[in-house]
Amino acid sequence: MTSGHRGLQPRKQPRQARAEVTRQRILTAAAHVFADYGYAAGTTNRIAERARISIGSLYQYYPNKDAILVELLTRHLDAGMAAMERRRFEELPDSLEEFIRSYVRTVTENHLDDPQLLRVMLEQGPRSPELLERISHSVRASITHLQDLLDRHPEVHVGDTHTAARLIVATVELVTHQLVAAPDPVDIHRLENELVAMLTRYLTAVPPGTDADERG
């Protein structure tokens, strides 16, 4: 890791329960501050005040607000990957529609805790090579998982399941991110239903000139 990106790392990892509680308070406070004020106005002074600790105590754990935001984004990515990994070992639904619904729901649920905070993290936060690689790794893992499921589902008729998986991952992530955090957010249940309908039709459409009983 180059020295230019060390400012994005926590100063220390807590080893005692009390220190871990303090770090959690900082992260929780920062999540509220960033969601309320945005990145530019989400200062460490405001975070310390919300966490009810001194600014000196905050700096014992994080060198700046960038490092706090990076840790929040890292936790968001880790939570999404953990949820996807749990789905990996579940039995594949008989219905493609239910399979797609399960995937869409997994993604949307990971965006619901605080969509405004997520917008700050993804659109306004710092970007280090390490963080960008972590984001890329999360996307690649989702694509690999989804392609494996598409390859095994008999209702899928797309000819290129890798490209299909990439399209689905990008579509669900971007649409959910934009619409859930919009000034006039769409109803989450309607969003799920429309995404499921759109993606199911795409995956089950038989290419022209192809026997309906064959995979594309």
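# Reading a predicted all-helix chain

Me: How confident is the predictor in the chain, on average, by pLDDT?
Reply: This is a predicted model. The chain averages a pLDDT of 82, and 85% of the residues score at least 70.

Me: Which element of the chain has the lowest mean pLDDT, and which the highest?
Reply: Helix 6 has the lowest mean, 74. The highest, 96, belongs to helix 2, which covers residues 44–51.

Me: Where does pLDDT stay under 50?
Reply: Start with the general idea. Where pLDDT is low, the predicted coordinates should not be read in detail. Here, the value stays under 50 over residues 1–6, a stretch with 6 contacts beyond four places in sequence. Over residues 212–216 the pLDDT is also below 50, and the model gives that stretch 14 contacts beyond near neighbours in sequence.

Me: How many helices and how many strands does the chain have?
Reply: There are 9 helices and 0 strands.

Me: What share of the residues is buried?
Reply: A residue is called buried if its relative accessible area is under 20%. In this chain, that applies to 40% of the 216 residues. As for the surface, the chain exposes about 12000 Å², and carbon and sulfur atoms supply 50% of it.

Me: Among contacts between residues at least 6 apart in sequence, what percentage joins residues at least 24 apart?
Reply: The figure is 73%. Leaving out residues up to four places away in sequence, Val120 touches Phe34, Gly38, Tyr39, Leu69 and Gly125. The C-alpha atoms of Val120 and Ala40 are separated by 9.7 Å, although these residues are 80 apart along the chain.

Me: Which residues does Thr44 contact, leaving aside neighbours within four places in sequence?
Reply: Thr44 is in contact with Ile55, Leu58, Tyr59, Asn64 and Lys65. Thr44 itself sits in helix 2. Its relative accessibility is 11%, so Thr44 counts as buried.

Me: Is Arg52 buried or exposed?
Reply: Arg52 counts as exposed, because its relative accessibility is 74% and the cut-off for exposed is over 50%.

Me: How much space lies in the largest pocket?
Reply: Rolling a probe the size of a water molecule over the atoms shows where empty space is left. In this model, about 490 Å³ of space lies in the largest pocket.

Me: Which residues lie nearest the centre of the largest pocket?
Reply: They are Leu77, His111, Ile135, Val139 and Glu173, from a lining of 21 residues. By class, the lining has 11 nonpolar, 8 polar and 2 charged residues.

Me: Which helices each supply at least two residues of the lining of the largest pocket?
Reply: Helix 4 (65–88), helix 5 (96–109), helix 7 (129–152) and helix 8 (161–180) each do. Helix 8 gives the largest share, 6 residues.

Me: Which residues does Ser138 touch, not counting residues up to four places away in sequence?
Reply: Ser138 touches Leu77 and Met81. Ser138 lies in helix 7. Its relative accessibility is 11%, so Ser138 counts as buried.

Me: What is the relative accessible area of Gln178?
Reply: The area is 48%, so Gln178 is partly exposed. Gln178 is found in helix 8. The C-alpha atoms of Gln178 and Pro115, which are 63 residues apart along the chain, are separated by 9.1 Å.

Terms used
Residues are numbered from 1 along each chain as its sequence is written. This is a predicted model: local features need pLDDT of at least 70, side-chain atom pairs count only at pLDDT 80 or more; totals for chains, interfaces and linings use all residues. Side-chain values use heavy atoms; hydrogens and water are left out. Contact means heavy atoms within 4.5 Å. Helices (H or I, at least four residues) and strands (E, at least two) are DSSP runs, numbered from the N terminus. Buried means under 20% relative accessible area, exposed over 50%, partly exposed in between (1.4 Å probe, protein chains only). Accessible areas come from the Shrake-Rupley method with a 1.4 Å probe; for residues, only the protein chains shown count as cover. On a 1 Å grid over the protein atoms alone, a cavity is a set of points where a 1.4 Å probe fits but cannot get out, and a pocket is an open set with protein on both sides within 12 Å along at least five of seven lines; lining residues have an atom within 4 Å of a point. Grid points are joined across faces, edges and corners, and a volume is the space filled by probe spheres set on the points. Ala, Val, Leu, Ile, Met, Phe, Trp, Tyr, Cys and Pro count as nonpolar, Asp, Glu, Lys and Arg as charged, and the others, Gly among them, as polar. pLDDT is the predictor's confidence in each residue, from 0 to 100.
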